[in-house]
Structures are given as C-alpha cells and as structure tokens.
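Please read these notes beside the model. They take up helix packing and then aromatic rings.

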Amino acid sequence: MEPATTPGLRERKKRQTRHDLHRAAVRLALEKGLDHVTVDEISAAAGYAPRTFFNHFPTKEAALIIEVGEGVDDVLGHLPERIAPDELVATLLDAVQRHTPAEPTVIEDVKAHHELMERHPELVSQQLRAFETAERQLVEELLRRSGGDSAWPHAEVAASVVTSLMRVAFQRWIRDDGEHPLDGFLRTATDTARRLMAARPPR
C-alpha cells in the first residue's frame, strides 16, 4: 500500500480551524495580555463559535501552543508501512526532505509566537511538552513500522536525528527572516547529514 502523503479534506478543515484559532489567540494575547483575553474573544476574532473552540482546545492557554503533532503526521504520511531497522534513518531523512507542509509557515506568525513565549514564560513548559509528545509519537510509530522493541535504538536515533535537523533548519530560516522557503533549509540540512554520516572517520 502506498503511503497517504496528504491529509484528507476533513483533516485539512480541522487543521485550518485550529490554525485560525491559534493565530487569533496569539494576536489577542499580545495585544491585550493573556489574563485579559477570553475564549469568546478568541473565537469571535477567528470567526468561530466558542463551542468550536472547545472542540479543539480545552483552554485558551492550549490554543497558544504550536501543534507539533501535525508535522509528525505529515512526515509519517511519506513513510512506507514497513521499514527495516537499519534503513530507518535514511528513510526518515528522505521523507523529511520530500515533505512540503500543506500550509507554508509564515515568519510573522513564528515571531509572534516567540514574543508570546518571552512575555509569558509559564507557557514554555507546555510548548516543550508538545515537542516531547510529538517526538515520542514519532518513535512509537517508527517502532511499530520496524518490528517493535527489537528495533531499539534505531527508532529513537532516527527520531532524534530528524527532529534535530528540523530544529537546525528552522532556526536558520528564522535567522534568514523568512526570506527563503523553509523547505530549502530543510533539504540543505538533510543533505549535509547524509554526507556527514557517510563520511569515514580519519585513521
């Protein structure tokens, strides 16, 4: 079976709703301060009813956290159902290199999120947990596709490699102020990793 490389219509609508609510929440929190923003205001600003908000987020704080799991799902959509443990890193790097986000990342949104984290450091721990949860999700799926616990530590190493490369590319993209597409930095990072891992140490 060929992997499903793009989310379906229902999933795309769900993501769009979450993205709209997230952007509205970040903007209002920066404008008014987190303590002075309500779920009703966030929902109205995004064009949805409060009931829709609570279908996607349990609290207004949760709406301020970047949904990392969506990126993991997209990468997994490029992977075959079965992967040999020794091929996990190469296969995952290939999937990341070919992966193009359904919605382009906007530098202004990233800067706004960073500013929010600086103003409200109490949110940082929640964002870090979201990253950890996404990486754990990736590890579990790689284990399933490569033979379970017998694939240790291949799945953990592969997940660590790809998340590190994505972080490196993302940081460089931010330093570039979003002047060039993020996927170009990601391709450069993955190509560099391939060359480094293929190089033999000096004797």
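Predicted model: local features only at pLDDT ≥ 70, side-chain atom pairs only at ≥ 80, totals over all residues.

1. Residues are numbered from 1 along each chain as its sequence is written, and side-chain values use heavy atoms, without hydrogens and water.

2. Helix α1 (residues 9-32) packs against helix α6 (residues 107-119) at about 50 degrees, the axes being 10 Å apart. Helices here are DSSP runs (H or I, at least four residues).

3. In α1, His 22, Arg 23, Val 26, Ala 29 and Leu 30 meet Asp 109, Ala 112, His 113, Glu 115, Leu 116 and Arg 119 of α6 (contact: heavy atoms within 4.5 Å). By class, this contact has five nonpolar, two polar and four charged residues.

4. The count of aromatic pairs is three (ring centres within 6.5 Å; planes under 30 degrees apart are stacked, over 60 edge-to-face, the rest tilted). Phe 53 and Phe 54 pair edge-to-face, at 5.3 Å centre to centre and 80 degrees between the planes. Phe 53 is buried at 0% relative accessible area, whereas Phe 54 is partly exposed at 46% (buried is under 20%, exposed over 50%, partly exposed in between; 1.4 Å probe, protein chains only). Phe 53, Phe 54 and Phe 57 form one aromatic cluster.

5. Phe 170 and Trp 173 make a tilted pair, at 5.5 Å and 35 degrees. Both are in helix α8, three residues apart, so about one helical turn separates Phe 170 from Trp 173. Phe 170 is partly exposed at 25%; Trp 173 is buried at 2%.

Key:
Axes fitted to C-alpha atoms, helices over the stretch in contact; angles between N-to-C directions. Helix = DSSP H or I, 4+ residues; strand = E, 2+ residues; numbered from the N terminus. Nonpolar A, V, L, I, M, F, W, Y, C, P; charged D, E, K, R; others polar. Phe/Tyr/Trp six-rings, centres within 6.5 Å; stacked < 30°, edge-to-face > 60°.
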